[in-house]
Amino acid sequence: MSEALKVPTMAEMMAAGETPDILFWVGCSGSFDDRAKKITKAIVKILNKVDMKFAVLGTEESCTGDPAKRAGNEFTFMMQAMSNIQVLNAYEVKKIVTGCPHCFNTLKNEYPELGGKYEVIHHTQLVQQLINEGKLKVEGGEFKGKKITFHDPCYLGRANGEYEAPRSVIEKLDVELAEMKRSRANGLCCGAGGAQMFKEAEPGNKEVNMERAEEALALKPDVIATGCPFCNTMMTDGVKYNDKQDETQVLDVAELIAQANDL
């Protein structure tokens, strides 16, 4: 992190006798993947911009257990989830914002039955709230007039019914929001949600992220916007495969807002 960014940990805030308004759950990708770290920084820049009182768990944050659960390893998921819930409850966490739809879905929908009951929101929902409340002003900046298409992350869209927040935020940039043929509830997975990012491709003549990238590139967008670090990787690979990286950027919604506001 840049020295200019303020990222307090829960332990530091508790030691100072302070309680954050919201916990920023960074996630494994946002913590360790070099590309996803830029998304994490963009989210922090937005939180710093609005002087939000937030904290991270730092080294106390572990994997939510989502990959283990999707792979069918319920025991490992339970172990990881219970460990995280113990930490979160010890800090009396009430509200969580995530930069990853996979973490968002797991914390929101699968932790409550294990005793982890929190208000969980995705970062695009938080940005939309900040704009609606007048706490964050957004102008198009370098993106004004550009064509942007949004790729729906499966665990934000189909799994949790959130399609409007990211689109509402993007439209504030005074851009042309172009929709792919398969979008919202009919959106095509980039493949990461089905673990294609971590394994050999399934039999066939085309990988799913290539199919999805081709759909997006058919619109000739300046930017393919995402709201998930895994989607970002898959779409970036698809754009590079089509040799269009000089014409089309792949950026998270948080990065669009941070760059447009020169944060």
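Colleague: So a helix here is a DSSP run of H or I, at least four residues long, numbered from the N terminus. With that settled, which helix is Asn84 found in?

Modeller: Asn84 belongs to helix α5, which covers residues 74-90. Keep in mind that this is a predicted model.

Colleague: Got it. Is Asn84 buried or exposed?

Modeller: Asn84 is buried, as its relative accessible area is 2%.

Colleague: And what is Asn84 in contact with, leaving aside neighbours within four places in sequence?

Modeller: With those neighbours left out, Asn84 has contacts with Trp25, Ser62, Cys63, Thr64 and Tyr111.

Colleague: You mentioned Cys63. How many disulfides does the structure hold?

Modeller: The count of disulfides is zero. Take Cys28: its nearest cysteine sulfur is that of Cys63, 4.1 Å away, and Cys28 is in no disulfide. Cys28 is also partly exposed, with 37% relative accessible area.

Colleague: Changing topic: which residues touch the most other members in the largest nonpolar core?

Modeller: That core has 38 residues, and the ones touching the most other members are Phe24, Leu136, Ile170, Leu256 and Ile257. Several elements give two or more residues to this core: strands β1 (22-25), β5 and β7, along with helices α3 (34-49), α7 (123-132), α8 (164-171) and α11 (253-260). Apart from it lies another core, of 37 residues, with Met13, Ile85, Leu107 and Tyr118 among them.

Colleague: Let's stay with Phe24. What does Phe24 touch, not counting residues up to four places away in sequence?

Modeller: Quite a list! Phe24 touches Thr40, Ile43, Val44, Leu47, Phe54, Ala55, Val56, Glu61, Val97, Thr98 and Gly99.

Colleague: Now helix α9. Why is α9 described as largely enclosed by the rest of the structure?

Modeller: Helix α9 runs over residues 208-217, and seven of its 10 residues are buried, so the rest of the structure largely encloses it. The buried residues are Asn209, Met210, Arg212, Ala213, Glu215, Ala216 and Leu217.

Colleague: And what covers the buried residues of α9?

Modeller: The cover includes β5 (147-150), β7 (223-226) and α10 (229-241).

Colleague: On to the backbone. What is phi of Asp174 near, and where does Asp174 lie?

Modeller: Phi of Asp174 is near 60°, a positive value in a residue other than glycine. Asp174 lies in the loop between α8 and β6 (176-178), and it is partly exposed at 44% relative accessibility. Arg184 is another residue to look at, with a positive phi near 55°. You'll find Arg184 in the loop between β6 and α9, partly exposed with a relative accessible area of 31%.

Colleague: Last one: is Lys38 buried or exposed?

Modeller: Lys38 counts as exposed, at 53% relative accessibility. Its place is in helix α3.

Colleague: What separates the C-alpha atoms of Lys38 and Asp66?

Modeller: Lys38 and Asp66 are 28 residues apart along the chain, and 22 Å separates their C-alpha atoms.

Terms used: Residues numbered from 1 in each chain as written. Predicted model: local features only at pLDDT ≥ 70, side-chain atom pairs only at ≥ 80, totals over all residues. Heavy atoms only, no water. Buried < 20%, exposed > 50% of the residue type's maximum accessible area, 1.4 Å probe, protein only. Contact = heavy atoms within 4.5 Å. Disulfide = S-S within 2.5 Å. Core = buried A, V, L, I, M, F, W, Y, C linked by side-chain atoms within 4.5 Å.
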